[in-house]
Amino acid sequence: MKYQFNIKRTLLLLIAFSFLQGASAQDASIKYRNGMVVCATPDAAKVGLDILKKGGNAVDAAVAVQFALAVTHPEAGNIGGGGFMVYRSAKGESNTLDFREKAPAAASPNMYLDSAGNVIPDMSILTHQASGVPGSVDGMVEAHRKYGKLKWADLVQPAIDLARDGFKITRLLAGSLNSHQSQFEKLNPGKTYFLKIGGWKEGDLLIQEDLAKTLELIRDKGRDGFYTGKIADELVEEMKNGNGIISKTDLANYHSVWRKAITGKYKGYKIITMPPPSSGGIALLQLLHSVENYPLHRWGYNQDSTVQLIVEAERRVYADRSKYLGDPDFYKVPVDSLLNPAYIDLRMKSFSWNAATLSSSIQPGSFVGYESDQTTHYSIVDHDGNSVAITTTLNGSFGSKIVVKGAGFLLNNEMDDFSAKPGVPNMFGLIGGKANSIQPGKRMLSSMTPTIIEKDGKLFMVVGTPGGSTIITSVFQTILNVIEFNQDMQQAVDSKRFHHQWLPDNVNVERGALIETVIDKLKQKGYKIIIGGPSGRVDAILITKDGYYQGGADPRGDDTKLGY
Ligand code: DON
């Protein structure tokens, strides 16, 4: 009897214990209120968390994460690319930093066209001419200069260690390195970077000695370590060997720009997001306003009316993007008109519940005035409540796939984000015109949408994602998942998404996002539904009512949330 009782008790204890364990694994993030990092790799997340624990603020951690991602997430983490940061201090001041790449001085509007005026395939994607002047290193230096607390060298050092000692690659990274082997070989004759006879497998150590040395120069000399001296020499030499056009003057002249955040309201929430040269912020605010007056909450997550409304809003917003969005230093973007509530309401008036609007019948408004691992987003909140949302990119996976000889870093192929010719789609199927034409020194239009949300004057959410043209719609839907559909941060990130971008006139749907009856109803109304693989890698943080930091790390990648 006594024996039996003990077994029962042990079983009960075991059940209780495993329940608690399960609960704590699931809700682990809810308990954190001192700091949190959510980013694309476990190693980089650990680097960021260590910095926070050492007393670094959110910007310090962001700098360390950016460099650690350049080592551990070579598909997208970078020093040879660019990005955007949205910052909000614990006191509520906001700012944004544009460290987007720029077209080199020798770039010209028709540089990717042949003599017959046709776009030369892959020239803006897989060549030395595909690269814009990198902005990431200057961006990190600027962000640190303005807001950093810890010593610069201490923020770069963890990345140096990861590059020199190596880190164990994940199954996903092994797969993506393997699938690019022939391109690496072709585009980097004589270089052995990223190549492995017999292929990469999970757990292999990736050591990047050249990159470690480059990072040491950045550690010791800051901006000058990258934009002048040895690295600049090597980058320009690499350009010369491959008919590239980035010059030493381009490098010396590169500077990131602080820009005032654009802000808007959705119900009781304040949205703080990225202004042009990203289209992301404006498009996000347009989308939110387009759906604000409809009962999404009552309809529910991914029900037919919800999907139809969102698709029709996306169709109209992406049409505007194609015409009006570009680098504000070169083109007068009609921000106020695009965000005018009356204008957005009018656009939505042409939408009928009975049938899909044809994209061919939608033009950009008039008034005065797919699988994604190629970009990466990270969200950080520190002990005091300062927050950072950074999206950074090489554009394509591993950028142009070209490694700078001797310096060991990948170059971006961001020039493809320009409109090479009016109406001709880029690699994301996006079209553009004059606003986003190529000009020397101009920044190419982006969709990156790092965003911070406030509720009642307090920090509420930090969010962003990669995914090319789908970035905007993924951020939009993640926000709705929390605000309208009461999902917690992890659920909102996990939830399947769908996407429409005006042209082509398709609704791209992640497998499992919509139930059959919803798909049937939408098809009957004329929507062209295309089912596909995972889309985006949203990494986000929600502040709960009790002030805890709740992370959402995207299960579509190796994304990791760590807090304390
Ligand atoms: O800035 C942009 O919009 C693109 N270069 C982003 C590319 C991207 O997200 C690739 N990842 N899927």
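Me: What does D204 touch, leaving out residues up to four places away in sequence?
Reply: D204 touches F167, K168, I169, K196 and G199, where contact means heavy atoms within 4.5 Å. This is a predicted model, in which local features need pLDDT of at least 70 and side-chain atom pairs count only at pLDDT 80 or more, while totals for chains, interfaces and linings use all residues. Residues are numbered from 1 along each chain as its sequence is written, and side-chain values use heavy atoms, with hydrogens and water left out.

Me: Where is D204, in terms of elements?
Reply: D204 sits in the loop between α7 (181-187) and β5 (205-206). Helices (H or I, at least four residues) and strands (E, at least two) are DSSP runs, numbered from the N terminus.

Me: Is D204 buried or exposed?
Reply: D204 has a relative accessible area of 9%, so it is buried. Buried means under 20% relative accessible area, exposed over 50% and partly exposed in between, with a 1.4 Å probe and protein chains only.

Me: And what separates D204 from R88?
Reply: Along the chain they are 116 residues apart, and their C-alpha atoms are separated by 39 Å.

Me: Confidence next. What does pLDDT average over the protein chain?
Reply: The average is 94, and 93% of the residues score at least 70. pLDDT is the predictor's confidence in each residue, from 0 to 100.

Me: Which elements have the lowest and the highest mean pLDDT?
Reply: Helix α1 (residues 2-27) has the lowest, at 41, and helix α4 (residues 136-147) has the highest, at 99.

Me: Where does pLDDT stay under 50?
Reply: Over residues 1-26, for which the model has two contacts beyond four places in sequence. Where pLDDT is low, the predicted coordinates should not be read in detail.

Me: Helix packing. How do the axes of α2 and α3 cross?
Reply: Helix α2 (residues 42-53) and α3 have axes that come within 8 Å and cross at roughly 155°. That makes α2 roughly antiparallel to α3. Axes are lines fitted to C-alpha atoms, for helices over the stretch in contact, and angles run from 0 to 180 degrees between N-to-C directions. Angles under 35 degrees count as roughly parallel, over 145 as roughly antiparallel, 65 to 115 as roughly perpendicular and the rest as oblique.

Me: Is the crossing of α2 and α3 left-handed or right-handed?
Reply: Right-handed. A crossing is left-handed if the near helix is turned anticlockwise from the far one by less than a right angle, and right-handed if clockwise.

Me: Which residues meet there, in α2 and α3?
Reply: From α2, D43, A44, V47, G48, I51 and L52; from α3, A58, D60, A61, A64, V65, A68, L69 and T72. They divide into ten nonpolar, two polar and two charged. Ala, Val, Leu, Ile, Met, Phe, Trp, Tyr, Cys and Pro count as nonpolar, Asp, Glu, Lys and Arg as charged, and the others, Gly among them, as polar.

Me: How do α3 and α8 cross?
Reply: The axes of helix α3 (residues 58-72) and helix α8 (residues 209-221) come within 11 Å and cross at roughly 165°. The two are therefore roughly antiparallel to each other. Their crossing is right-handed. F67, A70 and V71 of α3 make the contact with L211, L215 and I218 of α8. By class this contact has six nonpolar, no polar and no charged residues.

Me: And α12 with α17, how do the axes cross?
Reply: Helix α12 (residues 280-291) and helix α17 (residues 471-483) cross at roughly 45°, with axes that come within 9 Å. That makes α12 oblique to α17. This crossing is right-handed. In α12, G280, A283, L284, L287, L288 and V291 meet I472, V475, F476, I479 and L480 in α17. The contact has ten nonpolar residues, one polar and no charged.

Me: Backbone now. Which peptide bond into P277 is cis?
Reply: The bond from P276 to P277, with omega near 20°. P277 lies in the loop between β8 (269-273) and α12. The bond from L503 to P504 is also cis, with omega near -5°, and P504 is in the loop between β13 and β14 (507-510).

Me: What is phi of N243?
Reply: Near 60°, a positive value in a residue other than glycine. N243 is in the loop between α10 (229-241) and α11 (248-253), and is exposed, with a relative accessible area of 59%.

Me: What about phi of F398?
Reply: Positive, about 60°, although F398 is not a glycine. F398 is in the loop between β10 (387-393) and β11 (451-455) and is buried, with a relative accessible area of 0%.
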